[in-house]
Amino acid sequence: MSRIVYLNDRLVPEEQARVSVFDHGLLYGDGVFEGMRAYSGRVFRMQAHLDRLWDSARAIALEIPIGKEALAHAVDETLAANQLPDGYVRLVITRGAGTLGLDPARTKNPQVIIIADTISLYPRELYDRGLRIVTAATQRSHPATLSPRIKSLNYLNNIMAKLEGQQAGCVEALMLNHKGEVAECTADNVFAVRRGIVLTPPPDAGILEGITRGAVMDLAKTAGIDCREATLTRHDLYTADEMFITGTAAEVVPVVEIDGRKIGDGIPGPITKRLAADFHAHVRGG
Ligand code: PMP
């Protein structure tokens, strides 16, 4: 089905939504993006996504050529034009067309792109049974190279790790940081549960601070479940009672095996199930 795409200041059919081959977003991955989700016509935590987009852009010295409020309005318009009250929204800001050199100063017209579509990352049964994952040899990028806190168009590092996961027959893969600590999965944040306490790596473990991660931490607090940021090693995951991952597209997904070790009893645990249900109710109501 053909989608209506927002490009710069208007909605156009997807066939007309074109960017230059000289765009540095394409040539160098020079740009930033967001992935958000609408439930019953409302984008979940839109402000948090916009704030993260602006932070990412600021970190790469890219000025977004539209205000936050106008962009939020454009997102709503794009969802409505595609008749997608429940949908996934991809926001992309590129550096714009430039020359064949790297020089960002020689680019102009950053492109503002909004795509609304549906997304389904994993088959339904994986939510009930839980995922098997492996640790990738590809590490999360060192904060001194490209900060993992920037949601940039340069995801090749994560794609390399995802390929490793797929080669091992898995749909996700765990990435460690340069110190060998648990960072996150290729597109999802990681949580472990040990003796009733929910643990997740802190931002300085080299992660993207997921909006879903934040929502799940809030829900744990509301449910009276102790939830803390903590440095984790693979040993902590191998010996955890439960594990799950979170992301906008994935929501909350149990993990039942990592690197050939069963986690807990090898089935989704009670705290994971509770938080997945709470998240589901929180975003969908009821
Ligand atoms: N980590 C990475 C590397 C991601 O790309 C994402 C987004 N898919 C996440 C974590 C989860 O973030 P959020 O909950 O904001 O979608």
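Begin by selecting Arg 37, Glu 251 and Arg 284, which a network of salt bridges links together. The model on display is predicted. A search of the whole structure returns 16 salt bridges, and the stops below visit some of them, including pairs formed by Arg 95, Arg 52 and Arg 10.

Next, select Arg 95 and Asp 30. Their side chains meet in a salt bridge, with an N to O distance of 2.9 Å. Arg 95 lies in the loop between β5 (87-94) and β6 (112-117), and Asp 30 in the loop between α1 (24-28) and β3 (31-39), so the pair ties together parts that are 65 residues apart in sequence. With the surface displayed, note that Arg 95 and Asp 30 are both buried.

Move on to Glu 34 and Arg 52. These residues form a salt bridge in which the closest N and O atoms are 2.7 Å apart. This pair, too, links distant parts of the chain: Glu 34 belongs to strand β3, whereas Arg 52 belongs to helix α2 (residues 46-59), 18 residues apart. Are Glu 34 and Arg 52 buried or exposed? Both residues are buried.

For the last stop, select Asp 9 and Arg 10. The side chains of Arg 10 and Asp 9 meet in a salt bridge at 3.6 Å, N to O. Here the setting is the exposed surface: Asp 9 has a relative accessible area of 62%, and Arg 10 has one of 55%. Because the cut-off for exposed is over 50%, Asp 9 counts as exposed, and Arg 10 likewise counts as exposed.

Notes:
Residues numbered from 1 in each chain as written. Predicted model: local features only at pLDDT ≥ 70, side-chain atom pairs only at ≥ 80, totals over all residues. Heavy atoms only, no water. Salt bridge = Lys/Arg side-chain N within 4 Å of Asp/Glu carboxyl O. Buried < 20%, exposed > 50% of the residue type's maximum accessible area, 1.4 Å probe, protein only. Helix = DSSP H or I, 4+ residues; strand = E, 2+ residues; numbered from the N terminus.
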